[in-house]
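Take a look at the chain below. This short report walks through parts of its fold.

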Amino acid sequence: MAPGGNGDLQRKQAIVSSLCKHISLDPKAFSSQVPGNDIKTLYTSILKSAGKESPQNNDGVMKWIAFAESFPNDSKACSGRLNELNSDLAQKSVLLGDGFTPSEADAIVFSVVHSSVVGLSNPEKEKLPHVMRWMDYIQNREDLGALFEKILLEKPVFEPQIAKPAAKPEVQANAKGTVQNTQTADKPEAEKNTKKSDSGDNKKKAKGDKEAAPEKKKEPEKEAAEKDKELSVSLLNIQVGLIRKAWKHPSADSLLVEEIDVGEVKLRQVVSGLAKFCKPEDLTNRRVVLITNVKPGKLRDVMSEGLVLCASNEDHSIVEPLLPPEGAKPGERVSFSGIDGKPEDVLNPKKKQLEKITPNLFTDEKGVATFKGIPFMTSAGPCTSSIPKASIK
């Protein structure tokens, strides 16, 4: 990349603006430094002005600064680098950070690749699914609308295929009788000439069998219906919540405590195992999806009145709460097309209802949260995650 070119200057100005937005500084304070310095020097100067120390994963930041420095100005020449970025993001929510929290590296790389991505056609965008998912997340999470043109994505219209109920087996009323008659016809003559008393007993027994038969036929259907009921997501009261406050659990390093608005008079207190994946300040004023009819109980002496649903990748190294769309109201219940039913007042831990249902909760290849492929829907659209093909618990 030739230093001093107009494209280079615009790129560095975009990086400075994005970094300052990320760190909450005024970019005008650094405008005089842009022409004569490289990206690394500008990054260090901004970090110093914010009173921040170099991050622990400094090598990771330097790697992405080098990526930014060498990224081609010519949009036609950047295809290979975008493919590299797409591969790197396949198993990540963000380039660097705790789970789903964007870092300075994310702000820098977003600023650099934006101009090359914003003009791509829809077929070209489809070839870079992880880059597009990441850029959509960063532009909305960092609120960069005033600095960069919005990257528009075609998001799919979900028409879930709802499995038709299995047809009940047609049992002919005379089927059993036909079988019995055939068996009787095949019996030796000596067996037919039994005593009248035996015949009478057999008739009574046969009559008793016929009366009992309908009950036996219904038994498998009843068991199947009970099993479907146990596995139905309608048993869960899944609601949209807004975290008003979050803090570290006083006696457990892996836990956070949140106060969540679910449209009730009183905020719900929930304990979540998110401390390794996000900071309390990242959760404050964040929308989440939670199950509100789990049995309340204490986790390390702190009361918890709900369960925040989170998506995680296969090795559980990336975990983030599901995100309801903007416009979804706290307290509204998440619905599933074609599935009706009233949730339990309180889930019974002995029945292990939650354990039976959660294996059917996952995000699809677009990051949309689903139950057996049916999206988590709100009045404003589906709930999502930046982690595709993730398990949800």
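## A loop asparagine

Is Asn-293 buried or exposed? In this predicted model, Asn-293 counts as buried, because its relative accessibility is 3% and the cut-off for buried is under 20%. Asn-293 is found in the loop between β4 (287-291) and β5 (297-299).

An open sheet has 5 strands, in the order β3-β2-β1-β4-β7, with antiparallel pairing. Its edge strands are β3 (268-272) and β7 (307-308), and each pairs on one side only.

Look at β1 (residues 238-248) and β2 (residues 256-261). They run antiparallel, joined by 6 bridges. Ile-243 has Ile-260 in β2 as its bridge partner.

## Two nonpolar cores

In soluble globular proteins, nonpolar side chains tend to be buried together. Here, the largest nonpolar core has 45 residues. Among the members that touch the most others are Trp-64, Leu-85, Val-113 and Trp-134. The elements giving two or more residues to this core are α1 (6-23), α2 (39-49), α3 (58-70), α4 (79-88), α5 (104-117) and α7 (129-141). The largest share, 8 residues, comes from α5.

Leaving aside neighbours within four places in sequence, Val-113 is in contact with Phe-67, Phe-71, Leu-82, Leu-85, Trp-134 and Met-135. Another core, of 27 residues, lies apart; Ile-238, Leu-309, Phe-336 and Phe-371 are among its members.

How values were computed: Residues numbered from 1 in each chain as written. Predicted model: local features only at pLDDT ≥ 70, side-chain atom pairs only at ≥ 80, totals over all residues. Heavy atoms only, no water. Core = buried A, V, L, I, M, F, W, Y, C linked by side-chain atoms within 4.5 Å. Buried < 20%, exposed > 50% of the residue type's maximum accessible area, 1.4 Å probe, protein only. Helix = DSSP H or I, 4+ residues; strand = E, 2+ residues; numbered from the N terminus. Contact = heavy atoms within 4.5 Å. Pairing = 2+ DSSP bridges.
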